[in-house]
Amino acid sequence: MHIVVTGGAGFIGANFVRRTVDTRPDVRVTVLDSLTYAANESSLDEVRDRIDFVKGSITDPAVVDEVIAGADAVVNFAADTHNDNSLNDPWPFLDTNIRGTAVLLDAVRRHDVRLHHISTDEVFGDLPLDTPERFTEDTPYRPSSPYSASKASSDHLVRAWVRSFGVRATISNCSNNYGPYQHVEKFIPRQITNVLSGARPKLYGAGLNVRDWIHVDDHNDAVWAILDRGAIGETYLIGADGERSNREVLGMILEAMGRPADDFDAVPDRAGHDLRYAIDATRIRRDLGWEPARADFAQGLADTVNWYRDNPSWWSPGKAGVESAYARREASDV
Ligand code: NAD
Ligand code: DAU
């Protein structure tokens, strides 16, 4: 089997490539990644001699055409992914997440290649705090941010190409991932690397917003379950029953790192900040037999803290730039 992994130098994509190379020696992997600020080529160092790597954008029809010709499947992780950045400048999100997905769809249609499109639970908007309600595959789309609206658009495009042109595609919408190789702009790595650099963690607003955390390896195992056994045209929600408030997660990080519980700064809240995400993953568990293997969040978080502690050369080059951008944003919000 030959798969093309777009966005394979980013957080989830690099973990997917590493896991695939380690566990599926029969699968040939080609990574297509334009290496934006969010990519880190060194995440692929240990597998680099066992994959093909192409630097290029999913928005470039010629490159996409050449890379996917003859492949069996494309797994599309490539996206602009950070909500805060999409509030500052939505345009790259519209270009990569919407137009790039359309370019991929056009190419897989012409070459009759299977596509698995990686999406997010944020397409459903948010849920109230403290209700038992969860997202299912039937929840209507109600995205809040430019990022989530662009991902919602990409999902609609995939469904349109399936229905109108018979493209062989599947979609998954996953909740918040954590684990190694995640960019330091994101919540968990930002707080861990703040503590490691002697800075205080930063909590948006009162920290009551809830995210449904899943270890990145569990997400990627679910993607393989869909590639192996998923029904063409189907959508699968992926989550591991990991709901926690940001305040609670930050408390766990501080405790794991031996810091006092109040050793953080409350900073201005994100505009339009979604309150709560929660996934009902019944369909993928029932139909594909997938189960999260790393559902012990405290253990996964401790492993993640240790990974960032052990790998400063991976995250420290970009850290100061990310923090100065956040500081400028916080100053302009006051
Ligand atoms: P990331 O920001 O860490 O990585 C994105 C990767 O895509 C980078 O390597 C970047 O260089 C590449 N890329 C960006 N634009 C590109 C383009 N035009 N052409 C080719 N490559 C391009 O993102 P991530 O957190 O790994 O997310 C991967 C996918 O999973 C995204 O589609 C995201 O919407 C989705 N997702 C993420 C989460 C999460 O918690 N991180 C949860 C659910 C779904
Ligand atoms: O739900 C899936 C989504 O999860 C993915 O589609 C996105 O690509 C991914 O970035 C993530 O989106 P979030 O906006 O939930 O993740 P982020 O890490 O930016 O923030 C998580 C929560 O933490 C959110 O409620 C905002 C809050 N936060 C974030 C940062 C960076 C803070 O309180 N402080 C911070 O410094």
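**The site of ligand 1**

A nitrogen atom of ligand 1 lies 3.2 Å from a backbone N or O atom of Ser34, a polar contact in the sense of a pair of N or O atoms within 3.5 Å. Ser57 has a side-chain N or O atom 3.0 Å from a nitrogen atom of the ligand. At Thr81, a side-chain N or O atom is 2.7 Å from an oxygen atom of ligand 1. Of the 840 Å² of accessible area that ligand 1 has on its own, the protein covers 96% (Shrake-Rupley method, 1.4 Å probe).

This is a predicted model, in which local features need pLDDT of at least 70 and side-chain atom pairs count only at pLDDT 80 or more, while totals for chains, interfaces and linings use all residues. Residues are numbered from 1 along each chain as its sequence is written, chains are lettered from A and ligands numbered from 1 in the order written, and side-chain values use heavy atoms, without hydrogens and water.

The shell around ligand 1 holds 28 residues, each with a heavy atom within 4 Å of the ligand. Ile12, Asp33, Thr81, Tyr147 and Lys151 are the closest. By type, the shell has 13 nonpolar, 13 polar and two charged residues; Ala, Val, Leu, Ile, Met, Phe, Trp, Tyr, Cys and Pro count as nonpolar, Asp, Glu, Lys and Arg as charged, and the others, Gly among them, as polar.

Helix 1 (11–23), strand 5 (114–120) and helix 5 (146–165) each supply at least two shell residues. Strand 5 gives the most, with three. Helices (H or I, at least four residues) and strands (E, at least two) are DSSP runs, numbered from the N terminus.

Conventions:
A polar contact is a pair of N or O atoms within 3.5 Å; within protein, one must be able to donate a hydrogen and the other to accept it, and residues adjacent in sequence count only if both atoms are side-chain atoms.
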